[in-house]
Amino acid sequence: MRDIDRRDIDRRGIDTTLVHGGRDDLTGLGVHAPPVDRSTTYPLASLTGGTADLEHLADGGAAPHSSPVYARLHNPTVARWERGIAELEHTDAAVAFGSGMAAVTATLLAVGAVGRHVVAIRPVYGGTDHLLASGLLGTTTTWARPERVTEALRDDTALVIVESPANPTLALVDLAAVVAQAGDVPVLVDNTFATPVLQRPLDHGATWALHSATKALGGHGDVIAGVVACSEQRARQLRQVRVATGALLDPQAAYLLHRSLPTLGLRVRAAQANAMELAKRLEGRVGVIEVRYPGLPGCDPDGLVDRQMDGPGSLLAIEVAGGHAAAAAVMEHVELFTPAVSLGSTDSLIEHPAGLTHRVVDEQALTETGIRPGVLRLSIGIEDVDDLWDDLDRALGAALDG
Ligand SMILES: *Cc1c(COP(=O)(O)O)cnc(C)c1O
């Protein structure tokens with residue numbers, strides 16, 4: 001395998017990294033497309049070598065010296081996609097998991113948060129909110145406003161968790177400011193909404209950048225996966241947890257994720273252009289009380305899109321007049337949009353956070369973070385924008401104008 005020269009990679013543009021990331025060993029293997037290695041066990045050249053690799057991998061090593069030994073310890077197809085994600089997130093390593101929530105859980109376990117304290121900034125994804133609020137893993141959580149992180153820290157705080165743009169309100173949080181407030185406490189940024197194309201949290205001092213790869217990284221609505229990008233030292237802890245708990249990413253899923261990577265930039269930018277146009281048109285639409293989209297000046301008073309992102313993304317939230325009933329009616333009247341949870345696919349989706357993705361969140365927290373009964377979250381795809389607008393405009397008309 002050709003050694004990757006770190007400086008060469010850092011000089012590359014993001015689209016080159018998307019196309020070539022993690023593929024550096026293919027020429028040496030004599031193939032052009034990444035091979036899918038489905039082996040569950042591997043032949044050992046010697047017992048001594050097998051023992052050494054087993055110890056090395058169980059201890060969190062990135063790659064075996066001679067044999068992966070057993071598929072729970074290492075998989076080359078998964079490792080190849082992980083290297084691509086690490087390059088995109090401007091760091092040394094990434095560790096893949098069977099879902100975004102498995103990635104969140106592994107990070108909590110790896111940092112020793114069990115029996116300790118977590119500071120989190122709402123809103124976050126409903127599943128993350130539930131995992132923390134329920135104390136299911138033995139963590140205690142203080143929910144803090146972004147400017148109150150320091151006050152929320154305790155001696156036993158294991159990590160700070162933040163999302164920006166946040167699911168589902170698109171609230172923006174100043175990542176560098178949160179990192180500064182956290183001091184020595186490591187910060188986990190859920191970067192699912194932005195993708196590495198639009199935001200690299202480690203450049204702003206975060207310790208981990210986490211993705212539900214189920215969303216834009218997969219991008220075609222057919223893979224469930226999660227990944228955490230971080231330093232090699234932090235990655236070792238995550239791999240130890242992965243080996244011990246078995247929250248693996250299947251190699252076939254890793255292959256699909258790697259196949260989606262070259263088009264990530266094209267997809268994100270095309271969807272973003274559609275989202276920007278729809279956000280503007282929705283702002284003037286009768287019956288729409290509020291449009292939340294980071295690309296609208298009113299939604300980004302501190303200029304965070306310019307400061308920490310390369311674009312406002314492809315998610316937006318609207319609040320319709322008429323509350324829950326009107327929101328439900330909009331979902332029933334769309335034809336091109338699919339009424340469905342999830343996001344980041346080539347096709348457009350519409351969902352109701354209070355009733356679906358954030359159903360598990362405490363009622364008062366929903367109110368405080370603005371997840372009201374009339375709020376709908378839209379994940380914009382890469383269809384023709386006029387068709388998307390016609391569909392929304394008609395569904396809003398049917399639902400609101402009577
Ligand atoms: C979907 C999502 C998750 C959870 O990921 P899964 O792959 O569904 O487990 C976490 N964070 C955010 C922001 C999400 O949108």
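Which loop is P165 found in? P165 sits in the loop between β4 and α9 (175-182). Helices (H or I, at least four residues) and strands (E, at least two) here are DSSP runs, numbered from the N terminus.

Before I go on, some ground rules. This is a predicted model, where local features need pLDDT of at least 70, side-chain atom pairs count only at pLDDT 80 or more, and totals for chains, interfaces and linings use all residues. Residues are numbered from 1 along each chain as its sequence is written, and side-chain values use heavy atoms, with hydrogens and water left out.

Okay, back to that loop. S164 and P165 are joined by a cis peptide bond, with omega about -10 degrees. Another cis bond joins N167 and P168, and there omega is about 5 degrees. P168 also lies in the loop between β4 and α9. Elsewhere, H90 has a phi near 60 degrees, which is positive in a residue other than glycine. You'll find H90 in the loop between α5 (76-88) and β1 (93-97). Why point these out? Most residues other than glycine have a negative phi, and most peptide bonds are trans.

Now the ligand. Which residues come nearest to it? Of the 13 around it, those are G100, M101, D190, T214 and K215; "near" means that a heavy atom of the residue lies within 4 Å. Next, polar contacts, meaning pairs of N or O atoms within 3.5 Å; within protein, one must be able to donate a hydrogen and the other to accept it, and residues adjacent in sequence count only if both atoms are side-chain atoms. T214 puts a polar side-chain atom 2.6 Å from a ligand oxygen. K215 has a polar side-chain atom 2.8 Å from an oxygen of the ligand, while M101 uses a polar backbone atom, 2.8 Å from a ligand oxygen. Taken alone, the ligand exposes 380 Å², and the protein buries 93% of that (areas by the Shrake-Rupley method with a 1.4 Å probe; for residues, only the protein chains shown count as cover).

How many cavities of 30 Å³ or more does the structure hold? Three. For a cavity, picture a 1 Å grid over the protein atoms alone: it is a set of points where a 1.4 Å probe fits but cannot get out, and lining residues have an atom within 4 Å of a point. Points are joined across faces, edges and corners, and the volume is the space filled by probe spheres set on them.

The largest cavity is about 140 Å³. It is lined by 18 residues, with A216, V268, A271, S314 and G344 nearest its centre. Helix α13 gives the most to that lining, three residues. The second largest cavity is about 40 Å³.

Last stop, a sheet. It is open, with five strands in the order β8-β9-β12-β11-β10 and mixed pairing; two strands pair if DSSP finds at least two bridges between them. β8 (288-292) and β10 (338-339) are at the edges, each with a single partner strand, so one side of each has no neighbour in the sheet. β8 pairs with β9 (residues 315-320) in the antiparallel sense, over four bridges. Look there for E290, which stands opposite E319 in β9.

Technical notes
1 Å grid on protein atoms, 1.4 Å probe; cavity = no way out; pocket = protein on both sides within 12 Å on 5 of 7 lines; lining within 4 Å.
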